[in-house]
Amino acid sequence: MIYGSMADSNAGAGKMEKIVALCKRRGFIFQSSEIYGGLNGAWDYGPLGVELKRNLKDYWWRSMTQLRDDIVGFDGSILMNRAVWQASGHEATFSDPMVACKQCRKLFRADQVWPAIEQSDWYDALAEMFALGQLDTLNLKKWAETKGRRDAPNLALVRNLPVTLSWLSEKVQADGGLSKLSVKEFIQYLATEQFAQTGLITPCPHCGGELSEPRAFNLMFKTYIGATQDESSITYLRPETAQAMFVQFKNVLDTTQKKLPFGIAQIGKAFRNEINPRNFTFRSREFEQMEVEFFVKPGTGPEWLEKWREERLSWYESIGIPRAKIHVLTVPDKDRAFYSQGTYDLEYEFPFGVQELEGIAHRGNYDLKQHAEHSKKPLEYFDEETKQKYLPEVVEPSAGVDRTVLALLCEAFDEETIKDDESGKEEVRTVLRFSPRMAPIKAAVFPLLKNKPELVAKAREIYGALQPLMKVAYADTAAIGRRYRRFDEIGTPFGITVDFETLEGAKEACTSATGAPIAAGEKDTVTLRHRDSMKQERIAIGDLFSWLLMKVA
Ligand code: GAP
């Protein structure tokens with residue numbers, strides 16, 4: 001019996017912590033190199049995570065290269081000639097502005113400093129005092145000498161208490177009193193040395209210290225090819241999968257004789273030396289992308305950009321991410337990549353905020369033009385109709401595999417209070433409500449009791465027959481209710497239980513899950529249990545396979 005969803009208690013950071021814990025407990029995602037203390041920004045997918053990720057990639061691949069006539073598949077190398085990265089502009093400009101703390105030496109992306117400060121313990125404590133109106137000298141002194149010393153030892157208030165306090169009171173008076181200041185302004189005063197000449201200081205999120213001016217930091221991982229490590233052997237791990245598709249445009253065109261508009265699709269690893277990997281797998285240093293480079297006639301880029309936006313929105317719906325949870329951001333001119341003539345970001349409502357899932361960019365003919373110029377090889381398309389040669393424009397829907405897996409996990413995660421049918425006690429049921437298409441395990445087969453050979457033999461027979469068709473599991477330990485819960489927690493949509501009615505015949509006439517009638521006494525039917533509703537019904541074994549195939553297709 002369901003009493004209600006615990007959706008409210010699942011908000012924000014609490015929900016994220018539960019998801020991370022579940023991912024580890026049940027084998028979805030582990031920290032890379034965990035037994036050696038981990039590696040920041042790298043993750044390993046466990047037995048269930050890899051199935052989920054594979055289902056996602058297979059479905060994307062099928063949607064792009066099998067269900068459409070105008071896209072062909074491709075698999076480029078991760079290592080490419082350095083000239084590729086020079087031509088694409090990555091070597092010169094693929095960088096984030098970064099600031100360093102002058103005291104603790106930690107590095108931060110310049111645009112991420114305030115979000116990081118707002119998540120720090122010391123900011124929380126000061127913001128709470130601010131909200132409660134406890135910012136008198138006595139309280140600030142007490143905080144600086146205790147928690148402040150521990151959490152933000154380099155904040156001006158902590159390092160230079162009397163001077164900062166007297167400067168602060170002057171500044172607050174000059175500004176017309178505390179009520180005129182925001183928390184941010186107030187905290188900037190607490191971080192500013194009295195003798196600072198440069199205006200207010202943004203403090204280090206980690207220790208409260210002073211930050212350097214921003215400087216560019218290239219995000220590509222540099223490596224060397226061959227035995228000598230010098231300038232001539234440098235290349236990079238690819239930071240996006242896209243470039244190989246541009247570089248091989250002509251080969252793909254010549255071997256497929258495709259006509260515009262047509263696309264090249266690729267799924268593969270990309271590497272970025274992110275300054276602050278964070279939010280579980282959301283911002284990683286090693287991740288996978290699913291990208292299409294869609295080549296179109298000059299001038300038609302804007303209309304294809306719109307088409308791809310709609311196409312991608314309905315694709316997310318088809319994997320169980322509702323349209324209402326995806327926000328379309330028209331990226332403003334100042335924030336667009338330099339090559340882009342228009343970009344939409346599809347953003348998902350993650351528990352840690354609305355954040356990018358996929359970028360859809362109109363790249364114009366920038367990439368083909370750059371590679372044609374640098375390689376001195378013609379990359380034009382010959383238009384049979386107009387008898388003209390030209391460089392096509394490109395529209396690129398570029399999705400992150402890991403971010404989509406994370407969105408699927410966040411969307412699927414639910415907790416509800418239920419009454420256990422056997423004990424009558426209330427308990428919290430954790431359930432991952434994956435769409436059957438994405439679920440790592442599609443169905444679990446259970447003999448009702450493991451010490452009844454006839455039940456076990458029949459369950460094993462069904463399990464064996466399903467194995468070639470889909471990923472299924474077999475489980476015979478623990479009470480049946482416990483087994484159902486274990487599979488709810490990993491998102492298995494269907495439970496198939498072989499019980500005494502399977503062997504002896506249905507106790508009473510009923511309607512099968514297929515809608516067909518089942519007569520009283522009919523043998524070879526099983527209990528089919530639905531993960532989301534926990535509803536149970538019977539189905540004939542003979543109908544089970546086609547019914548399941550239809551549900552998971
Ligand atoms: N070829 C275009 C391109 O790479 P992008 O917006 O930088 O564009 C595309 O990346 C997608 O790749 C993002 O929308 C995101 O899903 C994923 N992605 C980018 N950086 C990532 C990171 N550090 N960790 C995980 N996924 C990332």
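Biologist: In what sense do strand β5 (residues 95-100) and β6 pair, and over how many bridges?

Modeller: The model is predicted, with local features needing pLDDT of at least 70 and side-chain atom pairs pLDDT 80 or more, while totals for chains, interfaces and linings use all residues. Residues are numbered from 1 along each chain as its sequence is written, and side-chain values use heavy atoms, without hydrogens or water.

β5 and β6 pair in the antiparallel sense, over three bridges. Strands here are DSSP runs of E with at least two residues, helices are runs of H or I with at least four, and both are numbered from the N terminus. Two strands count as paired if DSSP finds at least two bridges between them. Within this pair, Val99 has Phe108 of β6 as its bridge partner. The pair belongs to an open sheet of three strands in the order β6-β5-β7, with antiparallel pairing. Its edge strands, β6 (107-109) and β7 (215-218), each pair on one side only. From one strand to the next the twist averages 50°; angles run from 0 to 180 degrees between N-to-C directions, and axes are lines fitted to C-alpha atoms, for helices over the stretch in contact.

On to strand β14 (residues 353-364), β13 pairs in the antiparallel sense over eight bridges. A hairpin of two residues connects β13 to β14, and Phe350 stands opposite Gly353. Seven of the eight residues of β13 (residues 343-350) are buried, so this strand is largely enclosed by the rest of the structure. Buried means under 20% relative accessible area, exposed over 50%, and partly exposed in between, with a 1.4 Å probe and protein chains only.

Among the helices, α16 (residues 401-412) has 11 of its 12 residues buried, so it too is largely enclosed by the rest of the structure. The buried residues include Val401, Asp402, Arg403 and Cys410. From first C-alpha to last, α16 reaches 16 Å, close to the 16 Å expected at 1.5 Å a residue; the expected span is 1.5 Å times one less than the number of residues.

A helix pair can be described as well. Helix α7 (residues 137-145) and helix α10 (residues 161-174) pack at about 145°, with axes 11 Å apart. Thr137, Leu140, Lys141, Ala144 and Glu145 of α7 meet Leu161, Leu165 and Leu168 of α10, where contact means heavy atoms within 4.5 Å. By class, this contact has five nonpolar, one polar and two charged residues. Nonpolar covers Ala, Val, Leu, Ile, Met, Phe, Trp, Tyr, Cys and Pro, charged covers Asp, Glu, Lys and Arg, and the others, Gly among them, are polar.

Thr477 sits between β21 (472-474) and α18 (480-489), and at 37% relative accessibility it counts as partly exposed. Not counting residues up to four places away in sequence, Thr477 touches Lys450, Arg483 and Arg486.

As for the whole chain, it has 20 helices and 26 strands. Its C-alpha trace spans about 90 × 75 × 50 Å along the principal axes. Of its 553 residues, 51% count as buried.
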